[in-house]
Amino acid sequence: MEKEQVVIIGSGPAGLTAAMYTARAQLNPVVIAGPQLGGQISLTSEVENYPGFWSEDHVPTGPELVEVMQKQAEHFGARLVFDEVTEVDFSAGPPFRIKTYGKEYLAEGVVVTAGASPRHLGVPGEEEYIGRGVSYCGTCDGFFFRGKDVVVVGGGDSAMEESIFLTKFANKVEVIHRRDQLRAGAVLQKRAFANEKISFVWDSVVEEIVGNGVVQGVKVRNVKTGETSFRKTDGVFIFIGHYPNSKFLEGKLAMDEEGYVITDELYRTSVPGVYAAGEIQDAHFRQIATSVGQGAGAGMELEKWLAAQE
Ligand code: NAP
């Protein structure tokens, strides 16, 4: 059993920022990195909208930003542990108990920054063909579709950003969207419409992903006419939003009906001494910049709370 002042659950922008702030406050935080160091940004190709790193000659990649954030947090004393939290007990704390695959921690204060994961469509063939044509990450898998045809499902910023990225590899990117208008912001919409490799299938949903060992096509239904069709494709990239990684917190912290941890304006959860920041508690902004701000706020507030306990 390791006794710690601060344990941070998750290593995305919110977690690494909370780590940097609590480390600079001499709280010697441990960051339990979770399944993916850096969280979702480590899977992001180009980050154009995080201030301070951009230049005309060089747009930073997600992994580049993660590396800087990690180095900065470690420089000030944060310790990263490559492990995953399996169970927490906040009922009798502080100290709060946090179990990982490898260890058990007792922490005086906690910041939960476990983030969110891509939502699945839930149609036949989807789970079967993950890694064999079905993907939730263009940056990770785009390369495998060089010279091939892919479809993208979704009409938000992620779908447009990833569609544009996929045109670097694919011959043709067909966006299948359930309405006749995109949700994505104006800049991305404009770029997507101007890209000759991208076409749109409006008012349509994917009902099944079909293949024979690898993806061969999708069955699509037009929601207005009811007409169904089969579209040949080599890949299906799905960008239809996210869900919070909060299963391990069920019954431990107050959550909304979608599983997002409920926090107040000071990032306090329902348990005093346990704070939450980033996408685990924010279904609205979901930006690197906002997660960084939330992580800083949670770290500062935890520091104040710990000082008040002494
Ligand atoms: P999102 O904005 O929630 O968009 C999800 C898209 O998927 C919507 O177009 C939605 O359709 C569609 N969808 C949802 N469930 C579906 C289903 N079951 N079947 C078919 N389609 C479905 O998610 P996101 O694009 O991942 O973006 C999340 C947040 O991150 C947003 O706030 C976004 O602004 C932000 N983001 C920003 C950037 C950037 O600024 N560069 C990049 C990526 C993400 P409807 O439109 O009909 O609801």
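1. Angles under 35 degrees count as roughly parallel, over 145 as roughly antiparallel, 65 to 115 as roughly perpendicular, and the rest as oblique. Axes are lines fitted to C-alpha atoms, for helices over the stretch in contact, and angles run from 0 to 180 degrees between N-to-C directions. Helices (H or I, at least four residues) and strands (E, at least two) are DSSP runs, numbered from the N terminus.

2. This is a predicted model, where local features need pLDDT of at least 70 and side-chain atom pairs count only at pLDDT 80 or more, while totals for chains, interfaces and linings use all residues. Residues are numbered from 1 along each chain as its sequence is written, and side-chain values use heavy atoms, with hydrogens and water left out.

3. Start with helix α1 (residues 13–24) and helix α2 (residues 62–75). Their axes lie 8 Å apart, at an angle of about 20°. α1 and α2 are therefore roughly parallel to each other. The contact (heavy atoms within 4.5 Å) uses Pro 13, Leu 16, Ala 19, Met 20 and Ala 23 of α1, and Val 66, Met 69, Gln 70, Gln 72 and Ala 73 of α2. By class, this contact has 8 nonpolar, 2 polar and no charged residues. Here Ala, Val, Leu, Ile, Met, Phe, Trp, Tyr, Cys and Pro count as nonpolar, Asp, Glu, Lys and Arg as charged, and the others, Gly among them, as polar.

4. Now take helix α4 (residues 157–166) and helix α5 (residues 186–194). Their axes come within 9 Å and cross at roughly 40°. That makes α4 oblique to α5. Asp 157, Met 160, Glu 161 and Ile 164 of α4 meet Leu 188, Arg 191 and Ala 192 of α5. This contact has 4 nonpolar, no polar and 3 charged residues.

5. The chain is divided into domain 1 (2–118 + 242–309) and domain 2 (134–238); the bounds come from an automatic or database domain assignment. Their centres, taken over C-alpha atoms, are 32 Å apart. The contact takes 6 residues from domain 1 and 7 residues from domain 2.

6. Check the backbone too. Most residues other than glycine have a negative phi, and most peptide bonds are trans. The bond from Gly 93 to Pro 94 is cis, with omega near -5°. The bond from Pro 94 to Pro 95 is also cis, with omega near 0°. Pro 94 sits in the loop between β4 (85–89) and β5 (96–100). Asp 203 is not glycine, yet its phi is positive, near 55°. Asp 203 is in the loop between β11 (198–201) and β12 (204–211).
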